[in-house]
Amino acid sequence: MLAPKRCVLSFSTCLVLMLALRTAAHADAKSDRAIVAEAIDRLSAASAQLAKAANASDARTVRRKLAPAASDLADDLANLARRTRRDTAYDALAKDSIAIGRDASALVDLADEADDKDERKALRAQATALDQGVAIVRKTLEALAARRDDSAAPAKPAPMKKETFDQLVGAIRAESFEDGKLGVVRHAVASSWFTAAQVATVMGLFSFDDNKVEAAATMWPKVVDRENSFVLFQQLSFDSSKEALRKRIAR
């Protein structure tokens, strides 16, 4: 099989070739994951390079919009690669890649904000290649998810029932101080699973962003629908808090 790190073709061509060879050789599940994770890591590096180029632009809009968007995408892709290596279910990875794909597509339009024609062309080319690479990864994850062995897949945990969750909310509200509220959350996490919407509700029971982030990060390992993580960020008031949560749940 062609070693990923030795591929000197364009990223899209390289990935298609690697996946074709994997299929022909009937590679095992670990090889599947290693190849896809390597491809996603390459995309993350490409997005980081785009962010670096945008930060060096003379166009203020490019520095203010494209650079942070590309940097965030690089972080999201790096997290996706880590989760791929950790045996996260392919269907969950495929769902997460949909939002990542939307973010990648948005970079193409942001690249057009450059004033200089040559710079605009260069940035758009990088963003377009990145968008195409993410699309290939998404399709690959969807294909792998469709071929997974359902009988071997563990049953998805059931989130806390509404009645029990209402009791949890009442117990958190009964605490006078936020440290006490966090204590209740930690106790609940030890034996329960949650939806992202339930985590968002719990976050709303705290007054300060720091404690909202702490509660969400504590519950995150027990979230059953991580593709809905966007509802968590809606509970935070400051960009710095959103970035802090992004880093906490990416670990």
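**View 1. Helices α9 and α11 side by side in a predicted model.** In this predicted model, where local features need pLDDT of at least 70, side-chain atom pairs count only at pLDDT 80 or more, and totals for chains, interfaces and linings use all residues, helix α9 (residues 209–219) and α11 have axes that come within 10 Å and cross at roughly 20°. That angle makes α9 roughly parallel to α11; angles under 35 degrees count as roughly parallel, over 145 as roughly antiparallel, 65 to 115 as roughly perpendicular and the rest as oblique. Axes are lines fitted to C-alpha atoms, for helices over the stretch in contact, and angles run from 0 to 180 degrees between N-to-C directions. Helices (H or I, at least four residues) are DSSP runs numbered from the N terminus. Residues are numbered from 1 along each chain as its sequence is written, and side-chain values use heavy atoms, with hydrogens and water left out.

**View 2. The α9–α11 contact.** Look for Asp209, Val213, Glu214, Ala216 and Ala217 of α9, which meet Ser241, Ala244, Leu245 and Arg248 of α11 (contact means heavy atoms within 4.5 Å). By class, this contact of α9 with α11 has five nonpolar, one polar and three charged residues. Here Ala, Val, Leu, Ile, Met, Phe, Trp, Tyr, Cys and Pro count as nonpolar, Asp, Glu, Lys and Arg as charged, and the others, Gly among them, as polar.

**View 3. Helices α4 and α5.** The axes of α4 and helix α5 (residues 117–146) lie 8 Å apart, at an angle of about 165°. The two helices, α4 and α5, are therefore roughly antiparallel to each other. In the contact of α4 with α5 there are 16 nonpolar, four polar and six charged residues.

**View 4. Helices α3 and α5.** With axes 13 Å apart, α3 and α5 pack at an angle of about 25°, and α3 and α5 are therefore roughly parallel to each other. From α3, Val62, Leu66, Leu73, Leu77 and Leu80 meet Leu123, Leu130, Val134 and Leu141 of α5. The contact of α3 with α5 divides into nine nonpolar, no polar and no charged residues.

**View 5. The second largest pocket.** This pocket (an open set of points on a 1 Å grid over the protein atoms alone, where a 1.4 Å probe fits, with protein on both sides within 12 Å along at least five of seven lines) is lined by 31 residues, and Asp76, Asp103, Ser229, Phe233 and Arg246 lie nearest its centre. Lining residues have an atom within 4 Å of a point. α3 (60–85), α4 (90–111), α10 (230–233) and α11 (239–249) each supply at least two residues of the lining, and α4 gives the largest share, ten residues. The lining residues divide into 14 nonpolar, two polar and 15 charged.
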